[in-house]
Amino acid sequence: VAWFFVDVDQKMVSSEFEEAKELLTSQQFEGQQEVDRLIFLSRVEEQNNVSDAWNLLGDAFQIDPNYPELRIARAMLAERVGKFAIAQAEYLAAVNLQPKHPAYRDQLAEFYRRHRFYRLALKTWGSGLERPSADEIWIKAIFWNQVTYPLQVKWDELDPPKGHNQALLTY
């Protein structure tokens with residue numbers, strides 16, 4: 001099944017959307033793999049019909065509403081079509097489902113940043129500084145802490161995550 005999604009992803013990256021759609025409609029799976037198939041299919045369908053893409057995500061939601069990747073896909077589609085309240089709710093749902101997952105927290109914070117809610121973005125990044133975290137979250141928190149509003153964090157009491165930017169973070 002993993003190779004199936006690699007093949008689909010390769011076709012989408014190559015802008016072979018019709019081929020990707022053929023592949024995605026040629027099979028059905030169970031559980032989370034079916035949700036993943038529907039997420040991919042909605043991304044292909046979004047090129048032609050946003051409503052159909054949203055309906056596919058609705059079908060996936062019926063299978064597993066607690067799958068954070070689905071909530072992120074729903075958030076991204078809602079944001080692209082200007083449904084910001086729905087997008088925010090979906091990003092928040094993903095973070096609430098896996099509060100320690102740095103990528104979901106970063107996507108919520110980036111949503112806030114894109115819509116100029118800098119205080120909320122900074123608060124979201126700042127609440128993800130304890131382990132497990134990611135060095136990208138630390139860099140964004142430090143940068144936006146300097147550019148916007150001071151974050152009430154005792155930086156010297158926190159241990160930066162190991163990563164490519166650890167030297168910068170300890171500086």
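Analyst: Phe4, Phe5, Phe29 and Phe40 are joined into a cluster by ring pairs. Rings of Phe, Tyr and Trp (its six-membered ring) pair if their centres lie within 6.5 Å; planes under 30 degrees apart count as stacked, over 60 as edge-to-face and the rest as tilted. This is a predicted model, in which local features need pLDDT of at least 70 and side-chain atom pairs count only at pLDDT 80 or more, while totals for chains, interfaces and linings use all residues. Residues are numbered from 1 along each chain as its sequence is written, and side-chain values use heavy atoms, with hydrogens and water left out.

The structure contains 8 aromatic pairs. One of them joins Phe4 and Phe29: the ring centres are 5.1 Å apart and the planes meet at 75 degrees, so this pair is edge-to-face. Phe4 belongs to helix 1 (residues 2–13), whereas Phe29 lies in the loop between helix 2 (17–25) and helix 3 (31–45), so the pair ties together parts that are 25 residues apart in sequence. Helices (H or I, at least four residues) and strands (E, at least two) are DSSP runs, numbered from the N terminus. Both Phe4 and Phe29 are buried; buried means under 20% relative accessible area, exposed over 50%, and partly exposed in between (1.4 Å probe, protein chains only).

A further pair is formed by Tyr91 and Phe111, with 5.2 Å from centre to centre and 40 degrees between the planes, which is a tilted arrangement. Tyr91 is in helix 6 (residues 84–97) and Phe111 in helix 7 (residues 102–114), so this pair links distant parts of the chain, 20 residues apart. Tyr91 has a relative accessible area of 2% and is buried; Phe111, at 3% relative accessibility, also counts as buried.

Charged side chains also meet aromatic rings here. A charge sits over a ring if NZ of Lys or CZ of Arg is within 6 Å of the ring centre and within 35 degrees of the ring normal. Arg74 lies over the face of Phe61, 4.5 Å from the ring centre, and the charged end of Arg119 sits over the ring of Tyr149, 3.7 Å from its centre.

Buried residues account for 39% of its 171 residues, and its C-alpha atoms fill a box of roughly 55 × 30 × 30 Å, taken along the principal axes.
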